[in-house]
Amino acid sequence: MKKNSTLYVSVGLVVLLAMVILVFGVFFLNEKDPRETFNTFYLRFTQVSTLVLDDPVKVNGVKLGKVENIELSGHRVVVTIRLRTDVKIPKDSEIRVQNIGIMGERQIGMILGDMEEYFAPGDTITGQFDAGIAEALGLAGELCDSTQVLLESVKKALNGTIANPEFQDRFKVLLNKAENLEDRLMTMVNTTDPALKKSLSNLNEVTLKVNGLIDSVKPPIDNLFAGTDKVMANANNLLGELEGVTKHLDELIAKVQSKDNTVGVLLNDRMLHDDLVKTVHSADSLFRVILRDGLDVNVDIF
């Protein structure tokens, strides 16, 4: 009986030890410390790509939490994270979905800011998304698809032009016509070239003759201009003399019109003019009587 009791106690201890090992193993594998407490935050992203549950949340490069849930909310993705209670998130912090491996592994990366205002547990924070290798591979796939479409378009264009027998025939006809036109142009050039050269030669001769004619008539023209200069000089002298005569006439007219001389007095004194006219008339009458009747002179002496 005592032996069975010892067996039962041993089995119980083994089971209890196994349970303890199991509990601590679960916490160890899940990287959980039973003594740690966590706060919950909600992060909003435009997309999260290959981010999955239990991916790490690192603060300034230190793992201090993990992803608890991922769900679509409207046009954005809301990620629920658990973060240690001793971590405070300033409101100017930078939060991103980051790529951390060549196979597309992701994490939530936080760079804490310097503000003294902090997000409260349960707040929703807007983050940003960093493209990684998965997006690059997706873009490469789209590029391959676009390249294939482009190659198909080029192939179709070639089949419709160069590879088309009808196009080749038309192109050959066009080449033949171009060669024909070239031959005709060469013939025309060879025909007109001598005549053109002769015309240019004649033009040079005419130019030389015109230059000679201009050189021959240049002296007479120069003499003509020299004579013209002399005539102009004489005309200028004549004009000067005429101006002198005009000046003298103006002075003479001024003197005649002045009352300071005899002529001026006679011209300007109306009474004297009338007396002279009367005297002239009387003398004229006397001379007419003498001519008609003769001169009768009576001399009385005492």
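Colleague: Which residue in E4 is the bridge partner of Lys66?

Modeller: Arg82 is the bridge partner of Lys66 in E4. Bear in mind that this is a predicted model: local features need pLDDT of at least 70, side-chain atom pairs count only at pLDDT 80 or more, and totals for chains, interfaces and linings use all residues. Residues are numbered from 1 along each chain as its sequence is written, and side-chain values use heavy atoms, without hydrogens and water.

Colleague: What makes E3 and E4 joined strands?

Modeller: Two strands pair if DSSP finds at least two bridges between them. E3 (residues 62-73) and E4 have 8 and run antiparallel, so the pair meets that rule. In their hairpin, 2 residues lie between the strands, and Gly74 takes a positive phi near 70 degrees.

Colleague: How do you know that E4 is joined to E1?

Modeller: By the bridges again: 8 of them join E1 (residues 38-45) to E4 (residues 76-84), with the strands antiparallel. One example is Phe38, whose partner in E4 is Arg84.

Colleague: And what sense does the pairing of E2 and E6 take?

Modeller: E2 and E6 pair in the parallel sense, over 3 bridges; Lys58, for instance, has Gly109 in E6 as its partner. E2 also joins E3, antiparallel, through 4 bridges, among them that of Val57 with Gly65. The E2-E3 hairpin leaves 2 residues between its strands, and Asn60 in the turn has a positive phi of about 55 degrees.

Colleague: Why is something called a nonpolar core?

Modeller: Because the set holds buried Ala, Val, Leu, Ile, Met, Phe, Trp, Tyr and Cys residues joined through side-chain atoms within 4.5 Å. Buried means under 20% relative accessible area, with a 1.4 Å probe and protein chains only. The largest such core here has 21 residues, and those with the most contacts inside it include Leu43, Phe45, Val79 and Met110. E4 gives the most to this core, with 4 residues.

Colleague: Which residues does Leu43 touch?

Modeller: Leaving out residues up to four places away in sequence, Leu43 touches Val77, Val78, Val79, Ile81, Ile95, Ile108 and Ile125. Each counts as a contact because heavy atoms lie within 4.5 Å.

Colleague: How many helices and strands are there in the protein?

Modeller: There are 5 helices and 8 strands, taken as DSSP runs numbered from the N terminus (helices H or I, at least four residues; strands E, at least two). Their order is α-β-β-β-β-β-β-β-β-α-α-α-α. Of the 302 residues, 12% count as buried.

Conventions. Buried < 20%, exposed > 50% of the residue type's maximum accessible area, 1.4 Å probe, protein only.
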